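Let's walk through this protein together, one part at a time. Keep the 3D view open and turn it as you read.

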Amino acid sequence: MQVARTKTVILTLLVLALSTSILIAMQRGLGRRGGYQRSDYRNGVPIWDQNSSFQQDSFTFVRVIYTSNRGWGRGGSWATDMPDSDLNFSLRLQQLTSLKVNPHPLAMVLTDPRIFDYPFLYMIEVGGMVLSEAEMLAMRKYCLNGGFIMIDDFWGDYALMELLQTLKRVFPDREAREVPLEHEIFQCVYPLQEKPQIPSIHSWQRTGLSYELGHDGDTRTPHYLAIHDDGGRIVMFICHNTDLGDGWEREGEDPEYFQEFAVKKAYPMGIN
C-alpha cells in the first residue's frame with residue numbers, strides 16, 4: 001500500500017510539474033493558437049540556441065515519409081499533424097528534460113542514407129502505408145543497427161492487420177507483442193498508471209470519449225506493441241487506438257483537452 005501511495009504522489013507531482021512548465025511557456029508566448037500569432041511555418045514556436053560543437057549530438061525529431069494507398073493528405077497520411085506536433089514535442093522535450101534537442105524537425109524517406117544519423121523515427125497513420133522492397137530492407141537495417149521507430153495514430157482492427165502484415169515482411173523472424181504497463185517505457189520518467197489513450201481533438205469535442213468512433217472493431221482499448229532485437233531492446237514501438245500526435249499538436253486549442261490529454265498522457269508517453 002505504501003509503495004502504491006508513493007507512486008501516486010510521484011505521478012501527481014510530475015504531472016503538475018509538466019503542466020506548470022508548459023503553461024508558463026504558453027504565457028510567455030510560446031503557444032500558437034487561441035490568440036497566438038502564426039507568423040511563419042513554426043507557428044510561433046521559438047528557435048532555441050544549439051551548441052555548435054555538439055549539433056550532431058542533439059536529439060532530432062524525424063518523421064518518415066511513405067506512400068499511402070488512401071490517396072489523401074499532404075503527400076499521403078504520413079504528414080498528419082505536422083508541423084505543429086513535431087515542433088511542439090521538440091520544444092517540450094528541450095524544456096522538460098536534460099536532452100539537447102534540435103529545434104528543426106526533419107522528414108525523410110526510409111531509403112535516405114541519413115536516417116542512420118538519427119536514432120528516432122516517427123510514423124503516423126500507417127493503416128494505408130505501402131512500402132517498397134527497398135524501404136522494407138532499409139527499415140529492417142535501421143532497426144537492427146540501433147534505431148528506434150515509433151508508430152502512432154491508427155485505429156481499428158483492419159489498420160492493425162494491414163500494419164502487422166507489412167511488418168511480417170520486414171521482420172519475418174520477429175513478432176509484435178503487447179508491452180506490459182510495468183515496462184520501463186511506461187515508467188522511466190513519468191510513471192503512468194494506465195496505458196494512455198488520446199483521441200483526436202475533434203472526436204473528443206464531438207463525443208466526449210477517450211476513444212474514436214467510426215473505425216472497425218473495438219477501439220476502446222489502446223494497445224502498445226513492440227518488436228525487439230536479439231538483445232531484447234525495443235526497435236519498434238507501435239501505439240494503436242490512440243493519437244499521441246494530436247495531443248502534441250493541439251496543446252493551445254482547448255484548455256480541457258490540453259490538461260486531460262496533452263499534459264497527463266501525450267507528453268509523458270512521448271518523453272518516456
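A residue is called buried when its relative accessible area is under 20%, exposed when over 50%, and partly exposed in between, using a 1.4 Å probe and protein chains only. Before we use that, a word on the source: this is a predicted model, in which local features need pLDDT of at least 70 and side-chain atom pairs count only at pLDDT 80 or more, while totals for chains, interfaces and linings use all residues. Residues are numbered from 1 along each chain as its sequence is written, and side-chain values use heavy atoms, with hydrogens and water left out.

Let's begin with the sheet. Helices (H or I, at least four residues) and strands (E, at least two) are DSSP runs numbered from the N terminus, and two strands pair if DSSP finds at least two bridges between them. Strands of a sheet pair through backbone hydrogen bonds, either parallel or antiparallel. Here 7 strands make an open sheet in the order E3-E1-E4-E6-E9-E8-E7, with mixed pairing. The edges are E3 and strand E7 (177-178), each of which pairs on one side only.

Now find strand E9 (residues 234-240). How many of its residues are buried? The count is 7 of the 7, so E9 is largely enclosed by the rest of the structure. Another neighbour is strand E8 (residues 223-228), which runs antiparallel to E9 and is joined to it by 6 bridges. E8 and E9 form a hairpin with 5 residues between them, and Gly232 in the turn has a positive phi of about 90°.

Next, some backbone details. Most residues other than glycine have a negative phi, and most peptide bonds are trans. Asn43 is not a glycine, yet its phi is positive, about 55°. You will find Asn43 in the loop between helix H1 (2-30) and strand E1 (62-65), and at 6% relative accessibility it counts as buried. Asp81, also a residue other than glycine, has a positive phi near 75°. Asp81 sits in the loop between E2 and H2 and counts as buried at 7% relative accessibility. Pro83 lies in the loop between strand E2 (67-68) and helix H2 (84-96), and the peptide bond joining Met82 and Pro83 is cis, with omega about 5°.

Now turn to two helices. Axes are lines fitted to C-alpha atoms, for helices over the stretch in contact, and angles run from 0 to 180 degrees between N-to-C directions. Helix H3 (residues 133-144) and helix H4 (residues 157-170) pack at about 75°, their axes 9 Å apart. Angles under 35 degrees count as roughly parallel, over 145 as roughly antiparallel, 65 to 115 as roughly perpendicular and the rest as oblique; H3 and H4 are therefore roughly perpendicular to each other.

Finally, look at the rings. A pair of aromatic rings is described by the distance of the centres and the angle of the planes. Rings of Phe, Tyr and Trp (its six-membered ring) pair if their centres lie within 6.5 Å; planes under 30 degrees apart count as stacked, over 60 as edge-to-face and the rest as tilted. The structure holds 15 aromatic pairs. In one of them, the ring centres of Phe61 and Trp248 are 6.2 Å apart and the planes lie at 90°, so the pair is edge-to-face. Phe61 is in the loop between H1 and E1 and Trp248 in helix H6 (residues 244-249), so this pair ties together parts that are 187 residues apart in sequence. Both Phe61 and Trp248 are buried.

Phe116 and Tyr142 form a tilted pair, 6.1 Å centre to centre with 55° between the planes. Are these residues buried or partly exposed? Phe116 is partly exposed, with a relative accessible area of 40%, whereas Tyr142 is buried, at 2%. To finish, trace the cluster that ring pairs build from Phe59, Phe61, Phe89, Phe120, Tyr122, Phe148 and Trp248.
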